[in-house]
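Hi,

Here is the structure I promised to pass on. Have a look at it first, and then read my notes below.

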Amino acid sequence: MCTMYCPRPVVDTYNERLDITRAPHIDYAQAIPSSYYIDAKACLRVNYQTCNLCAQTCTAGAIDFTQKPKELELEVGAVVLAPGFGRVDEKVLEKFGYGRFPDVLTSFEFERLTCASGPTEGHIVRISDQKTPKKIAFLQCIGSRDETCGNGYCSSVCCMYAIKEASVAKEHEPDLDISIFFMDVRTMGKGFDDARRRAQEKYGINVIRARVPRVDQVDGKLALTWTTGDGEHHSALFDMVVLSVGLESPKDADIISKVADIELNQYNFCRTSVDAPLVSSRQGVLVAGAFQGPKDIPESVTQASGAAAIASELLADARNTQTITVTYPDEDKALEEEEPRIGVFVCHCGVNIAGVVDVKAVRDYAGTLPGVVLYEDTLYSCSQDALKSIAEKIKENRLNRVVISACSPRTHEPLFQETLRSIGLNPALVEMANIRDQCAWVHAQEPEKATEKAKDLVRMAVAKARLLSPLEQPTVDVTPSALVIGGGAAGMSAALSIADQGYKVTLVEKNRQLGGNLKRLTWTLDGQDAAKVLKDMVKKVKGHKNIEILTNAEVESVSGYVGNFTSTVSQGGKTKMINHGVIVLATGGREYKPKGYAYGDSNRVLTQLELEEKLARGKGFLRNAKNVVMIQCVGSRGDDMTHCSRLCCTQAVKNALKLKEVKPDINIYVFYRDMRTYGFYEDLYREARKAGVKFIRYTPDRKPEVIKQSRGIKVRAFDELIGEDIEIPANLVVLSTGIAPGDNEELSKIIKAPLTSDGFFLEAHAKLRPVEVAVDGVYLCGLAHGPKSLEESVAQAKAAAAKATIPLAKGKVAVAPIVSKVNQDICIGCGICESLCPFSAITLQKVGKRKKAQTITASCKGCGICAAHCPTIAISMGGFTDEAIMAQIHAFSPDGCEEA
Amino acid sequence: MSNIKGFCCNYTLSVDLDALKKEGLVPEGLEIERLPCTGRLEVPELLDAFTEGADAVFVVGCQVDKCHNLSGSYRASKRVKYAKKILEELDMDPGRVEMFFADRGETEPVVEAARVMSERASN
């Protein structure tokens, strides 16, 4: 209402100034807090004491112009800085025609254009003529890797987001011709290289390795010229140019630094160190996210959890002193047992659903179904306001079953379940019909049929809803201790954090000594002595009263479920039983041992780690060395391992600089595919080039060859710049061999934690749950999750510790009510269910004389495999009883409602 | 189709002529000669272009006050003026030769010039 009546149009900054809103507005429907706010700069009432229209029209009386800014004083034990990143200055963008040519956009603007709830409802149009472009160019490294604008670092995320934006655009407009201009393709995140390959193959996105110097406009088209590595000049015209702008430090970084009394680095980001990546220079002030350095969502989320862990360590003594418990009203059992009174809410999801499906028709149709007493449509069912109004309507109409016809239960069911709980209904009494994904999205071209299908789905959901019954929400006690598997940098960091938070930890290490891969490292990437970092860590772990260390030990079996695990650990032939509440997987990875490149045939061919070990022992072996050749991506990004090992580029650059330091006249040649020295490591890359290290790009179809000669070895490779094969007599060849997964298969079977195709453990959700695995109570960090630097391992270990202590601190875990239930009168004890259960959540127990299946409710994920395979139909699933599913299937036929 | 000959200095026109032709932004019969500086153009060269079959000839140089070589484009403009005079004497349309100016690296003025000259040549 307030937005509607306000006479002051203001530029919509959320939509990157591509749209107009009014002084009182909400940025987007799912914003938190989900209330409207007034743009004080534009408001007539605030500036000129006139107007006041909005306050008069607000029916809730929620606009109060007498409010004044308040200063609050809070007493806290730790501060977490997470101000995010700042924008690259527009002056930098002007060089590329931004501001001068309307169809040169930033990637942020393009992101809004591709968004279904954005200014163009997801249609990609040129700003100049509102026409759909045919050719789009993405220019990378705008405001990154560019010393002329002061940003010498790499922003780390732009390569991947450009590929994502290009893919989204291609999905929307399949005929688009998209080219992305890269310097190096830096898709080093977990699974990113796969995504890039898919985008190139599936969508035909052109990858061009060139830096475009400027953008020119001719007749409304945007002209680009560039030079490729072979020296050829090219030019072409595009309809739209997207500038992939980098991440800068926040504009007010200086103020933050002053207020919080912390040090910044040379680029105005928060200064941290490799062994304590989340800790600022001031005790108790922590940092997470892009303010610590440019990073993507999974890493930001990881760091956020990690910072929370450190805060919990600092506040361990104060835990549970100021908790507030949410109380729910008692369930209205009488109402639940009444004849079903069903309410159907059909969601518009903005235009996501309503753009295709005739929501009003679906709503009215729902009204004709048996048992339905209320049928309504809502704009965004999941917004706070809508949830409140749904709750009120349920109460008013005494509903005891609710059907939400909207999006996926996977993402939104908990929200609606919570709403039911808040008004005294059992959360199991809500059913969802996914008319967004299954109608509006997949049948976008056929709105009528999509509407019919939506009606079918609603009818089926209503049929099922009539047979829903309340389910109990059991809780189980938690054993307040953790098992950390793996005693490397990640495992030790996680163990320390959990122990510092006041819980017992058992740290299991396969080898004789703690340390893992860190033992082999000589210098950290920021030049610290790795041995010292390791020594400090081991000392802390060994001296901690809460940590029990088992070396030479391996986990043989794990049984139980979140809160109540029992593991057997074998140590020197003896086995030991350990009870614990949670598990942290920190099993690490290992250096890939290469095949070919004369590795093993010649003592002049080493891996990067072997070089470090030699260098640590002294520079004697370099006495007669003139030429050193380094070869990147040996093993990685190839046939043996498809993933990028993320840190070998930086490691090579670091070691090259070290070689130059001890022997300045040595020639170093680095053969690479893409130099992936992301973030501030870009500085090392630049330093290496300045020091005279020669970098030569190769392509996977023309890999460098290491040739053994009667005396010494030489490397032959194709140099793209001169277009010829070159031969370098090498005194030393150093292979950047990357990181292979450890022996994860065995453990993966024991814990039932799935692996990726590359052999690393798979997280529960790449972005939102990066340190949890699919099995409850099991957490993940370090190289076991994927290749990463020491700094990232430590941050992730802290994050895993934060997540692991949640059930420990709560003391109880709630079990999802959708679990299997065995009717032991019918069960014949055949054991099929036990053998099939992927979560070890069903076991055979002796009941009387015979064995009967029994569900371990805390471990059960409700997948239903047991119920589907039970030969005597003795197993039923809470929330998915056979009767309810049958009713749902019968309802698929339009006149099936009565039958069911 | 008329033949147009353009002389451009190194600091104008950043886009390849072929790319422009491919998009149909410039007349098919356009030929461009790139010079380090238009200041080195002599009148005979302008006239030779006509002898070699051009229907119209144009020169694009830097803005007079921003010439990379200080006075190059000014010199060129004077020579174009002189060439116009000669065309007049030969009873040809002096508009068939023209001087244009462009900002650094700009392609649009060159394209615009080619279109103007193509128009004049077809009249």
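In which sense do strand S20 (residues 481-485) of chain A and strand S26 (residues 582-585) of chain A pair, and over how many bridges? In this predicted model, S20 and S26 of chain A run parallel, with four bridges between them. One spot to look for is Ala482(A), which sits opposite Val582(A) in S26(A).

Five strands of chain A make an open sheet with parallel pairing, and the order is S22-S21-S20-S26-S37. At the edges you'll find strand S22 (547-550) and strand S37 (778-780) of chain A, each with pairing on one side only. From one strand to the next, the twist averages 20 degrees. If you're new to sheets, strands pair through backbone hydrogen bonds, either parallel or antiparallel.

Helix H16 (residues 489-500) of chain A lies across S20, strand S21 (504-508), S22 and S26 of chain A, at about 165 degrees to S21(A). Helix H22 (residues 790-810) of chain A also packs on the sheet, where it touches S20, S26 and S37 of chain A. The direction of H22(A) makes about 165 degrees with that of S37(A).

For the antiparallel case, go to strand S23 (residues 553-561) of chain A, which is joined to strand S24 (residues 564-571) of chain A by eight bridges. Here Gly560(A) has Phe565(A) as its bridge partner. The two strands form a hairpin with two residues between them, and Gly563(A) in the turn has a positive phi of about 95 degrees. S24(A) then pairs with strand S25 (residues 574-580) of chain A, antiparallel again, over seven bridges. Ser570(A) stands opposite Thr575(A) there.

Finally, the place where the chains meet. The contact takes in 13 residues of chain A and 14 residues of chain B. Chain A and chain B bury about 1,100 Å² between them, with 47% of that from carbon and sulfur atoms. On the chain A side, Val218(A), Asp219(A) and Leu237(A) lose the most area, together 38% of what that side buries. Asp219(A) also forms a salt bridge with Arg115(B), at 2.9 Å from N to O. The count between the two chains is four salt bridges. By class, the chain A side has four nonpolar, four polar and five charged residues.

How values were computed: Residues numbered from 1 in each chain as written. Chains lettered and ligands numbered in written order. Predicted model: local features only at pLDDT ≥ 70, side-chain atom pairs only at ≥ 80, totals over all residues. Heavy atoms only, no water. Contact = heavy atoms within 4.5 Å. Buried area = accessible area lost by both parts, 1.4 Å probe. Salt bridge = Lys/Arg side-chain N within 4 Å of Asp/Glu carboxyl O. Nonpolar A, V, L, I, M, F, W, Y, C, P; charged D, E, K, R; others polar. Pairing = 2+ DSSP bridges. Axes fitted to C-alpha atoms, helices over the stretch in contact; angles between N-to-C directions.
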